[in-house]
Amino acid sequence: MPMRASLLIILSALLFACIPGPTPTPLLPTVAPEAGSVAPLIFWETQTSSLSSGNNFDLWLFEGNAGDNIFIRSVTRGVDIRLSLLQDSEVLVESTDRIELSLPVSGSYRVRVDYVAGIGEYDIGLGYTDRDNPNDTGATAIPQVVGVPTPTAPVSAPGSFIRALDENAEISDTLTDTARQHIYTLSGTQGSVINLELYQVSGELDPVLRLFDAEGNLLAMDDNSLGGQNARLLNVRLPETATYSIQVDGKERTGDYRLVYTDTAITLAPDPQPSAAPTSVTPYVTPQIRFAIPDERLQNHRPAINSLVREGDFQRFSFFANAGERVSIVVEPMPGSNILPSFEVFDTDGAQVGFSRSTTSNADGAAVAPGVIIAQTGAHLIIVTGEDNTTGQFLISFGRGATVRDEWQGTGASNTLLTGAINSVGSRHVWELPLNPGDVINVAVGADTGSFDPVIELATADGIVLYQDDDGGDGESAVLRNISILEPATYLVRIYDEAGRNTGGYSLLWNYVNLASTPTPIPSQLTILSVDDTVIENNYAFYAFQGQAGQRVRIATTADDTLVFDPVIAILNPDGDIIQEADDSDGTLNPNLTFTLPEDGTYQVRVNGYLSGGRFTLTVGILFD
């Protein structure tokens, strides 16, 4: 038997195995069609053709009987096509790679193969779904495969094979519930350079790229270095001439992606650097006085203005408080107003829980109820009236605690004596301190005049109280000692009278116990690996990147929550030996290190937790300075 005939028989056996049934006699010679012509498609034989934009369709012909259960299968190499099965002029089925159906009538059928994109060859074959392939040779058979058999992905790179990458390409595809990982293959030459970019297009997938060698060893990977959860493998130099596997992973999520492959080196450039910005948050701004709408709920430390126009009028306001909470209320006449304000406070059952009159409050014409203890959770009502039928504009202020309004004093310099005077009942003074992580401070305040008994608080700019003291110093002085700052921000020092009803002057002094050193700026870098992941306690996680001898790299791991996770990293060289380790860095539990790579090859970063586990972000960057 001639050599060519033997090869055709073996190929047919590989392409049409395990499909039962007798073989019909070929009706026409087996040749590929010329453009616009019709060529025969023979049961159990593979045909090969090529398409391009200039030769954009093929027509194939076969004979079938009514009720025959047939399939048509194609495998492409560099070209995208569409299959159409026609009976007379009617299109019965369309597909991109496989058609299966029961033939409706006996007679001639045509298969049209239309060009979609790319340039290359395709294989097409015809068989029965309910009959054996007569060319089945047993051990060498692959069931129902037409064309080149699907390559087996490395064991460590699971996924559904999509196609081989044989030239620069941009591919769009979808990860689904049944195919959450895709595999592409690449025939690479030793020393050649490739680049891969993976973008999320839609859906929930979080793209991850992995490159494996022919033995299934991980050569390089990335999760987020392209920004916006997009991945990139940059200037990867292939270590040998072999077939490589590229895995597209969505972290168990589905959606559309775009994969871009190029086989030319890219000039390296640093990541865009963010503009320098101050470490503090937006400075505190004293709330502006607003109009108090009757029946509207009052806001904490937000004074509001209203009026009584006619004798005997009243105004009604409300606030919400919890049982056991301490609240204060002040109603005072506006400048030039003749009103002598008074008010009553009622709980949710209508019981009076507080009242005040300006004529008995001894507060410069204001009616004051400081430190009212709330007995019942719910909405409370305030009724404002004018004593002796007086009328005019008034200011109503409500606060949680002993005060009802803030008075901004400015930024306080360290080791500088600052003075102030609280002249209005219910007022609280606010000073600003810009601080940084690593700062340790002391703050003290003492009364200068009157019966003023100062309380001091250190709070965040959005009002969260971190530390408080009343009489921690000499006499009635208040002191905060050895306060450690963990976050860069604008902090607020708040000073007020303990009872909320006394006024007077005070002196404020704060200083550094420890002044945090100015952090050394990180040199410009190009991120080549960025991963967010989780490691379980008593386990290791490994992440691979490719580097060249002489490159300086910075490797850093940041825990999402250092109260839960204390990360540790180790760097393994291409032989698998540990060459660098890091635990706590820069006064934090997060490790980082900078070093020069000693040789070309694939390095691995090993991440684990010290008696802990948790989520983290790992970055590897090439340094330029």
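The structure is a predicted model, in which local features need pLDDT of at least 70 and side-chain atom pairs count only at pLDDT 80 or more, while totals for chains, interfaces and linings use all residues. Residues are numbered from 1 along each chain as its sequence is written, and side-chain values use heavy atoms, with hydrogens and water left out. Strands (E, at least two residues) are DSSP runs numbered from the N terminus.

**A four-stranded sheet**

- Four strands form an open sheet in the order E19-E24-E21-E22, with antiparallel pairing; two strands pair if DSSP finds at least two bridges between them.
- At the edges stand strand E19 (315-321) and strand E22 (352-357), each of which pairs on one side only.
- From one strand to the next, the twist averages 20°, based on axes that are lines fitted to C-alpha atoms, with angles running from 0 to 180 degrees between N-to-C directions.
- Strand E21 (residues 341-346) runs antiparallel to E22 and is joined to E22 by five bridges.
- Opposite Ser-356 in E22 stands Phe-343.

**Salt bridges**

- Side chains of opposite charge can pair when their charged atoms come close.
- A salt bridge is defined as a side-chain nitrogen of Lys or Arg within 4 Å of a carboxyl oxygen of Asp or Glu, and the count by this rule comes to 20.
- Asp-177 and Arg-180 form a salt bridge through their side chains, at 2.9 Å from N to O.
- Residues are called buried under 20% relative accessible area, exposed over 50% and partly exposed in between (1.4 Å probe, protein chains only).
- Asp-177 counts as exposed because its relative accessibility is 58%, whereas Arg-180 counts as partly exposed at 26%.
- Glu-325 and Arg-400 meet in a salt bridge of 2.8 Å, N to O.
- This pair links distant parts of the chain, 75 residues apart: Glu-325 lies in the loop between E19 and strand E20 (326-333), and Arg-400 in strand E25 (residues 392-400).
- With a relative accessibility of 35%, Arg-400 counts as partly exposed.
- Between Arg-494 and Glu-457 there is a salt bridge whose closest N and O atoms are 3.1 Å apart.
- Here too the pair links distant parts of the chain, with Arg-494 in strand E33 (residues 489-497) and Glu-457 in strand E30 (residues 454-460), 37 residues apart.
- Arg-494 is buried, at 9% relative accessible area, and Glu-457 is buried at 6%.
- A network of salt bridges links Asp-206, Asp-223, Lys-251, Asp-532, Asp-560 and Arg-615.

**Nonpolar cores**

- A nonpolar core is a set of buried Ala, Val, Leu, Ile, Met, Phe, Trp, Tyr and Cys residues joined through side-chain atoms within 4.5 Å.
- The largest core has 26 residues, of which Leu-529, Tyr-543, Phe-545, Ile-555, Val-605 and Leu-618 touch the most other members.
- Strands that each supply at least two residues of this core include strand E35 (525-535), strand E36 (541-547) and strand E42 (614-623).
- Tyr-543 touches residues including Met-221, Asp-533, Gln-604 and Phe-616, not counting residues up to four places away in sequence; contact means heavy atoms within 4.5 Å.
- A second, separate core of 25 residues includes Leu-211, Tyr-257, Leu-259 and Tyr-261.

**A buried serine**

- Ser-74 is located in strand E4 (residues 69-87) and counts as buried because its relative accessibility is 4%.
- Leaving out residues up to four places away in sequence, Ser-74 touches Ile-81, Leu-83, Thr-96, Asp-97, Asp-123 and Ile-124.
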